[in-house]
Amino acid sequence: GDLSRMLELLCRSLAIKEQHFGTQHPELCLTLANLGMVCGALGNESTATGHCRQALHICGLPGSPRKSRRHGVVLLRAASVEVATGEESAANSDRNDSTDAAFCGLLGQSVRTLQDALGPTASSRVLALERIRMERIWMAAGRADVVQRIQRLLEPVASEPLWTKGP
């Protein structure tokens, strides 16, 4: 619940990982995505999207495992930041529609990545756990609007046959 403390710890963690692994190592992806969520929850949209973009960039580099739980979770967390920053800056329904499309694109990639890495049963458990984690972060920031939107956008995915069948 203490977002400022989370931010402090994640910044320290990132600094240690960068020093140990370098600035383009896959080990940084999840920390960057978490930083993106916390920064977004604290209202710093540009930093939030910057961290998520960097995480997605590193996940896409050669040598980064693209079919891993970590990559799938990074995609999910980046999607939640997309919803939060789109909701925050939405001036009209067109912006909301494009934000929903971006979220669903990242969500689809995440589902496929998790299924490939873990199989259908484990991937649906991971999605359920990540949904709870994302909701806790956004609720701690008082962003029930983001939680409601994520729930609405995740609902069709959880009920799709693709989610319960193997690849």
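Hi everyone, let me start with a cut-off: a residue is called buried under 20% relative accessible area, exposed over 50%, and partly exposed in between, with a 1.4 Å probe and protein chains only. By that rule M37 is buried, with a relative accessible area of 3%, and we will come back to it.

Before that, a word on the source. This is a predicted model, in which local features need pLDDT of at least 70 and side-chain atom pairs count only at pLDDT 80 or more, while totals for chains, interfaces and linings use all residues. Residues are numbered from 1 along each chain as its sequence is written, and side-chain values use heavy atoms, with hydrogens and water left out.

So, the overall picture. The chain has eight helices and zero strands, where helices (H or I, at least four residues) and strands (E, at least two) are DSSP runs numbered from the N terminus. Reading along the sequence gives α-α-α-α-α-α-α-α. There are 167 residues in the chain, and 41% of them are buried. Contact, for this talk, means heavy atoms within 4.5 Å. Take the contacts between residues at least 6 apart in sequence: 68% of those join residues at least 24 apart.

Now to M37, which sits in helix 2. Setting aside residues up to four places away in sequence, M37 touches R77, S80, V81, M134, I137 and W138. V81 is 44 residues from M37 along the chain, yet their C-alpha atoms are separated by 5.8 Å.

A quick reminder of the idea: rolling a probe the size of a water molecule over the atoms shows where empty space is left. Here the search runs on a 1 Å grid over the protein atoms alone; a cavity is a set of points where a 1.4 Å probe fits but cannot get out, whereas a pocket is an open set with protein on both sides within 12 Å along at least five of seven lines, and lining residues have an atom within 4 Å of a point. The largest pocket has a volume of about 230 Å³, with grid points joined across faces, edges and corners, and the volume taken as the space filled by probe spheres set on the points.

Which residues lie nearest the centre of that pocket? They are M6, N34, M37, R133 and I137, out of 14 lining residues. Helix 1 (3-21), helix 2 (29-41) and helix 6 (120-140) each supply at least two residues of the lining, and helix 6 gives the most, with six. By type, the lining divides into eight nonpolar, two polar and four charged residues.

Let's look at two other residues of helix 2. T31 is placed in that helix and is buried at 4% relative accessible area. Beyond its sequence neighbours up to four places away, T31 touches L10, S13, L14 and K17. Leaving aside neighbours within four places, L30 is in contact with R70, V73, V74 and R77.

Over in helix 6 we find E135, which is buried at 16%. Its side chain makes a polar contact of 3.1 Å with that of Q151. A polar contact here is a pair of N or O atoms within 3.5 Å; within protein, one must be able to donate a hydrogen and the other to accept it, and residues adjacent in sequence count only if both atoms are side-chain atoms. Outside four places in sequence, E135 is in contact with V147 and Q151.

S68 lies between helix 3 (45-60) and helix 4 (69-88), is buried at 16%, and is in contact with T113 and A117 once neighbours within four places are left aside.

Last, the cysteines. C11 is partly exposed at 40%, whereas C52 is buried at 5%.

Thanks, everyone!

Technical notes: Ala, Val, Leu, Ile, Met, Phe, Trp, Tyr, Cys and Pro count as nonpolar, Asp, Glu, Lys and Arg as charged, and the others, Gly among them, as polar.
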